[in-house]
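The following exercises concern a predicted model. Each task is followed by a solution in steps.

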Amino acid sequence: MKIFLAIISRDMLLAVRQGGATFLALIFFLLTVTLFPLGIGPEPAILARVAPGVLWVAALLAAMLSLDRLFQADFEDGSLEQLTLSGLPLSLIVLAKIITHWLTTGLPLLLAAPVLAVLLNMNDEGFEALLLTMLIGTPALSLIGAIGAALTLTVRRGGVLLSLLVLPLYIPVLIFGVSAIDAAVHGLNAKPHLLLLAALTVAAIPLCPWAAAAAVKLSLE
Amino acid sequence: MFQGRDIACERGERRIFTGLNFVITPGQALVLRGPNGCGKTSLLRISATLLTAADGALTWNGSDIAENPEGHRANLHYIGHQDAVKGALTVRENIAMWAKIRATATDHTEAAMAAFDITHLADTPAQYLSAGQHRRTALARLVASPAKLWLLDEPTVSLDQAGTECLQQAIATHQAKNGMVMAATHIELGLDDAEILQLKPQ
Amino acid sequence: MSIHYFANPTRFTRLAGRVQPWAAGLTVVLLLIGLYLALIEAPADYQQGDTVRIMFVHVPAAWMAMFCYSFLAVASAIALIWRHPLADLAAKASAPIGASFTFLALVTGSIWGKPMWGTWWVWDARLTSVLILFFLYLGYMALWEAIEDGQKAGKAAAVLALVGAVNVPIIKFSVDWWNTLHQPASVMRMDGPAIHPSMLWPLLIMALAFQTYFVTLLLARMRMELNLRRIRALRLAERTS
């Protein structure tokens, strides 16, 4: 547990020192959302209708964008193999890095989402559901994405390949996330959608670090 | 005691070596010799559990390390070709961070910096270091958190004369405390009692 | 007979060489019978007319799309767990075949959709799931291509295939969920609630023909891959000696 926390605090310190990644993800989120009114017109009713979907798609892409650095920097300078030698099982090391990824990407996106929802004129009823779905759903994005990041570790310029591998796997998160907000906006019960989303995240917690660790081990050999 | 029996290594469908045997007893050093491509790095990485041997078994005090790889990893330090030093952190932070990740009871960071004569660089961000200073920062990990087995892959690369002497001193101290060393190196490390394992290209 | 009996590539090549012509012949015969029954014998649908005949290609192709992915996942699991040397070969060989069947299912579905719905594409739950499956195949093949070391690529692709296999039912469920939320109830389902026996027989025979076709192609691709590896090994031996 001490080692686990040490790895998280190390990655957080590096993220703060090197900065950039969080800021870029947020700017990307903002920019993508801005493109939609420009693309489909400023009609408030239409924007309100598409707001949940637009917010989730943009958040999903923003989270994916920062994934390729998840293991890459540590892989290149030899830190990753040193980390595997820390005596902690590799899947826990991977989980520590996933937690850092969520803290530096998922959490900021979650905090920014309501502001962007205002820009898209989303119904007031949807805000609580938006925050809840982001809170439950973004960890799944980091968890699933870690598998893709680990698999493309030895691939030069693996960014595009990473999106091809990860985006299809993100579809359930997108569907349950958006449908929960939609339900809330229309005054329906959002709970079943939220529960399904939560089930997805809970299932991903043990499975994804394990699969990602298997992929990381391959890249180190 | 760290022992390898009948170790074989395969890289990309090609046999690198087979039937390799070695024993390292406490306080002893084993130096790997041989031309490029004969598998020195592979043997070190196999010993660090970073690679899986195609055949054979490694034992630590008689028990197979495959049964408890995490336990074996906690017993060793591996210094590879890459320094694992972060440019955004200072020298002290780099060394202390690895000591923390290795969960050492007492932090020897200051002693480690003194041993490799980089105390005056303690607060310098590592991105401003020269290659030799970078290497010294990596080697300081050896002292910052104790481990019984040191696996060193060409540890003197980019070190100057003084740096090499620091390393020799560190190894001598380690051996005096019953530590074990396995090193691939082309230059004499002043390891008088070291055994030599000659690897032959297949 | 252990699982490793056919691990010997020479033994496999010999056996595959013997089975392949039979599989190919069977495919031709089944395809001829199936097409005759489907295009000539089977009655036209009272609602859809002759359009319904697309089903005899579309439905077996969609079945094969699913079957190939299951095959891919099982082969990947065998490759990872038992390190069976032919398993990752089988997985690699089955992916492009599965992707082709998936593509066929998408194209025939689209062609079928035009007279049925008046558009080439409808975001129907079934078609959408097949489209996502197609992306999974593409990702799998791209990963094989992207990693240079063959052994590493095989293991990485196997991990991806298993992750995908766990996700396919989840994706399918989520797409159905999404569909029931958005689908206007009036859109007609692609397959009727019950299939008339005169349609069932040609359908099954076509499905069987596709299955033997898969076996034929799989064996051919695996033999080709084995030969490629042998050439590579010979070249390597030549260079290092």
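**Exercise 1.** Determine how many residue pairs are in polar contact across the interface of chain B and chain A, and describe the side of chain B that touches chain A.

*Solution.* Step 1: with both residues at pLDDT 80 or more, the rule finds 11 residue pairs in polar contact across this interface. Step 2: on the chain B side, helix H2 (69-74), strand S6 (76-79) and helix H3 (91-101) each contribute at least two residues. Step 3: H3(B) gives the most, with 5 residues. Step 4: by type, the residues on this side of chain B comprise 14 nonpolar, 5 polar and 10 charged.

**Exercise 2.** State how many salt bridges link chain B and chain A, and characterise the area that the two chains bury.

*Solution.* Step 1: the count of salt bridges between the chains is 4. Step 2: Glu93(B) forms a salt bridge with Arg17(A), with 2.7 Å between the closest N and O atoms. Step 3: the contact draws 29 residues from chain B and 29 residues from chain A. Step 4: together the chains bury about 2400 Å², of which 55% lies on carbon and sulfur atoms. Step 5: Leu50(B), Lys86(B) and Ile101(B) account for 25% of the area that chain B buries against chain A, more than any other three residues.

Technical notes. Residues numbered from 1 in each chain as written. Chains lettered and ligands numbered in written order. Predicted model: local features only at pLDDT ≥ 70, side-chain atom pairs only at ≥ 80, totals over all residues. Heavy atoms only, no water. Contact = heavy atoms within 4.5 Å. Buried area = accessible area lost by both parts, 1.4 Å probe. Salt bridge = Lys/Arg side-chain N within 4 Å of Asp/Glu carboxyl O. Polar contact = N/O pair within 3.5 Å; in protein donor to acceptor, adjacent residues only side chain to side chain. Helix = DSSP H or I, 4+ residues; strand = E, 2+ residues; numbered from the N terminus. Nonpolar A, V, L, I, M, F, W, Y, C, P; charged D, E, K, R; others polar.
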